[in-house]
Amino acid sequence: MPAKKASKTRTPAKAKAPTKSKKAPLPDAGKSSAAPSTSAGRIMVRMYRVGFGDCFLLTLQTADGPRYILVDCGVHSKGNIKADGTSMLGKAVEHIGQVTKRLNIVIATHPHQDHISGFGSFAEQFGKFAIDEVWMPWTENPDDKRAKALRDKRNALVSRLQAHFAALGAAEDSGPAAAVANMAGNAPAFAALHSGFGVGAKVRYFEAGDTVTEPAGIKDLKVSILGPPTDQSFLSKMDPPADDHYMRLSGGDQGDGGEVKPFAQDQWAFQKANPGLGWPELPEEYKQALISRANSPAEDLAFALDQCVNNCSIVALFAYQGKNLLFPGDAQYGNWKAWVESESASLLGNVSFYKVAHHGSVNATPKEALEKMPDAKFAAMMSTQSQPWPSIPAPGLLTALDRKTGKQWVRSDAIDIAGAPSAPKGTSVPSVFQQGQFWFDYVLD
């Protein structure tokens, strides 16, 4: 278990008292908006159907009443979906406001549109909640010099890549352009988050190894932060080795050598190093790395940058009343690798619930990690859809989830929204999940 460390905190200079608003109730298909029971110790995980993005509401029943944790609130601009002309993410925020007027913890796992855009788009609505704490990864701490250097490089590269794709006339929903778009336009979300939404919320920044006991006064809750690492060598590791993720197609589908590639073309093919180049003062591994980067096209760079940002995800393990819930954001191989081979990996054997990382992509949820989870003793939820990336979710991972969970997992696009991408026909919803109008609930007693 990681040694306990104090997280970085930053309280906004100006705090305004939260205001209250009256909102008309949404229909909920006969399902209760709140947790189905007030018995202490009960946990409910609610996954909203927002498109290609994440929005999860945890309800922890305590002896003093329910406590609420919101994990992410965002949607990709190219994977946004609407109903009756209204963004489903907006409907989710409105519905959360009907469930509770107080969010004890708001977590923004990492700086991608599909996880944080709602905090900016609906900042006014969030300013009407009472919010106790806001959590972000250490890479977003404005007072951390390492983090500032990473952000400056990231932002400069995003701007250059945007200009490059614009000059090429690349379609906005093409793979590389969509990856860059996911990193852009997040200033309003960060303004709201860093300010504590203007309601006096304590802003905290976390890194791997931090532990928090009874955050926001939630009795008996312990949170272990397994990522992001601070070692840049881990942050830069994007894809797992071929034998450490689920690459085989299922159901007899055809593929190139049985491999599921995340995009239509091989985005990771680099030219071989030019043997005529020589930098005798540099170690050989450095030379090869520099040559590869120099020969890498902008498309490769876009995906590499996108995955580095994913590796900055907060990986949070919530322990409450004997249940362990793993929320890894969009963590990819570098983030997982930083802890999955350490003593922290033993925690995987006791997981009761798993929020599937990165929408079920081929380059998240390493095989090594999933295989450590207990057979047929945990449930999983996957917020996903096939737009803007048709290769997500990866068929091999779905097959593995069937086996490891005993088919106790659900995907958000199993909820039909007119005009939105849907799960394949015949996709079943296990009875352990309760379906509302545009969400799924899972209850742990």
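Reader: In which loop does histidine 110 lie?

Author: Happy to start there. This is a predicted model, in which local features need pLDDT of at least 70, side-chain atom pairs count only at pLDDT 80 or more, and totals for chains, interfaces and linings use all residues. Residues are numbered from 1 along each chain as its sequence is written, and side-chain values use heavy atoms, with hydrogens and water left out. Helices (H or I, at least four residues) and strands (E, at least two) are DSSP runs, numbered from the N terminus. Histidine 110 lies in the loop between β7 (102-107) and α2 (113-121).

Reader: Is histidine 110 buried or exposed, and why?

Author: Buried means under 20% relative accessible area, exposed means over 50%, and partly exposed is in between (1.4 Å probe, protein chains only). Because its relative accessibility is 1%, histidine 110 counts as buried.

Reader: With which side chain does the side chain of histidine 110 make a polar contact?

Author: A polar contact is a pair of N or O atoms within 3.5 Å; within protein, one must be able to donate a hydrogen and the other to accept it, and residues adjacent in sequence count only if both atoms are side-chain atoms. Contact in general means heavy atoms within 4.5 Å. Leaving aside neighbours within four places in sequence, histidine 110 is in contact with residues including Pro137, Cys312 and Asp330. The polar contact of its side chain, at 3.2 Å, is with the side chain of serine 313.

Reader: In what order do the seven strands form an open sheet, and which stand at the edges?

Author: Two strands pair if DSSP finds at least two bridges between them. The pairing in this sheet is mixed, and the order is β10-β11-β12-β13-β14-β15-β16. Two of these strands have a single partner strand each, so one side of each is left without a neighbour in the sheet: β10 (211-213) and β16 (409-411).

Reader: How many bridges join β11 to β12?

Author: Let's follow β11 (residues 221-227), where six of its seven residues are buried. Three bridges join β10 to β11, an antiparallel pair, and threonine 213 stands opposite lysine 222 in β11. On the β12 side, leucine 221 stands opposite tyrosine 320. β11 and β12 also run antiparallel, and the number of bridges joining them is six.

Reader: Which residue in β13 stands opposite leucine 317?

Author: Strand β12 (residues 315-320) and strand β13 (residues 323-327) run antiparallel, joined by five bridges. Opposite leucine 317 stands leucine 326.

Reader: What does the protein average in pLDDT?

Author: pLDDT is the predictor's confidence in each residue, from 0 to 100. It stays under 50 over residues 13-36 and over residues 247-280. Where pLDDT is low, the predicted coordinates should not be read in detail. In the protein, 76% of the residues score at least 70, and the average is 82.
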